[in-house]
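Please look through the sequence and the structure below before reading on.

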Amino acid sequence: MALLPFSRSADEPANGEADGWGGATSEGGGAKMTFLEHLDELRKRIVIALAAILVGCLVAFTFVQRIYDFVMDPLNLLLPKGSTFVFTEPTEAFLLYMKMALLAGVIMAVPVILLQVWLFIAPGLYAREKRLAVPFVVLSTVGFVGGAAFTHYLLFRWMWVFFASFATEKLTFLPRIGPVFALYVKMVLAMGLVFQMPAVVYSLARIGLVTARFLIKSFKYAVLIIFIVAAVITPSADMLTQTLFAAPMIGLYIISIGIAWIFGKRRPKEAAEG
């Protein structure tokens with residue numbers, strides 16, 4: 001595999017016959033994209049991704065009240081007695097609805113965004129590697145939605161109960177709606193990206209860049225990196241919350257080891273040992 005997205009392998013055909021995923025159908029000799037062509041390709045993929053997000057936002061805004069109810073009603077039910085959501089600026093509630101439509105639009109556009117990412121790197125792949133496009137997009141989409149659902153139904157609600165538990169008779173919890181949703185968005189997007197781990201490992205294992213043995217040997221370093229990432233995205237500094245963030249990441253890493261073992265290319269030495 002070529003190291004740069006705009007470099008085609010020396011094995012690809014010189015006639016430049018397209019395979020439908022941004023490259024050649026077979027492996028034989030080949031063309032290269034110039035730096036400017038590479039930038040133009042990047043611009044094209046970004047424009048298509050932004051257009052998909054815009055369409056998603058317009059669709060989401062037509063039922064934004066339902067989105068609000070879906071996100072905020074469960075949190076409202078978990079508030080202590082006497083507590084309620086508030087907003088302190090004239091435009092805060094309006095901007096909240098706009099941000100909700102934007103988040104929903106991004107989630108709806110995820111398959112298109114991931115496809116554009118794949119098409120951007122496709123010219124640097126062998127023809128056989130380009131066939132991983134559909135599994136990559138499907139697995140990545142499922143992972144992102146799974147991470148968002150995990151945050152919505154479990155992680156954020158657990159944290160919400162934890163923060164609300166500090167309310168007392170002398171200390172009333174009156175959370176501002178804007179910061180609450182900003183924290184919700186941060187966690188949804190962060191966990192959506194974290195849940196891409198199995199899809200990324202699947203693709204790298206099929207290409208031959210990652211093996212189960214490598215992931216196992218790197219486990220202790222991965223745990224360290226996972227806790228650093230958890231510390232960055234966790235809204236509080238306590239170890240309990242950071243562990244709650246880190247636990248699903250470690251679980252995903254272990255799942256990724258299994259994926260690499262099942263779907264990865266086996267090197268000659270490993271095949272002989274097997």
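Is threonine 151 buried or exposed? The model is a predicted one, in which local features need pLDDT of at least 70 and side-chain atom pairs count only at pLDDT 80 or more, while totals for chains, interfaces and linings use all residues. Residues are numbered from 1 along each chain as its sequence is written, and side-chain values use heavy atoms, with hydrogens and water left out.

Threonine 151 has a relative accessible area of 0% and is therefore buried (under 20% relative accessible area, with a 1.4 Å probe and protein chains only). Threonine 151 belongs to helix α5, where a polar atom of its side chain lies 3.0 Å from the backbone oxygen of glycine 147. Beyond its neighbours within four places in sequence, threonine 151 is in contact with Phe156, Arg157, Met187, Val188 and Met191, contact meaning heavy atoms within 4.5 Å.

Helix α5, residues 133-164, also packs against helix α7, residues 197-207, at an angle of about 160° and with the axes 8 Å apart. The two helices are therefore roughly antiparallel to each other, a term for angles over 145 degrees. In this pairing, Pro135, Phe136, Leu139 and Ser140 of α5 meet Ala199, Tyr202 and Ser203 of α7. The residues of this contact divide into five nonpolar, two polar and no charged.

Turning to the whole protein, there are 11 helices and zero strands, where a helix is a DSSP run (H or I) of at least four residues and a strand a run (E) of at least two. Of its 274 residues, 42% count as buried. Among contacts with a separation of 6 or more, 78% come from residues 24 or more positions apart.

Key:
Axes fitted to C-alpha atoms, helices over the stretch in contact; angles between N-to-C directions. Parallel < 35°, antiparallel > 145°, perpendicular 65-115°, else oblique. Nonpolar A, V, L, I, M, F, W, Y, C, P; charged D, E, K, R; others polar. Buried < 20%, exposed > 50% of the residue type's maximum accessible area, 1.4 Å probe, protein only. Polar contact = N/O pair within 3.5 Å; in protein donor to acceptor, adjacent residues only side chain to side chain.
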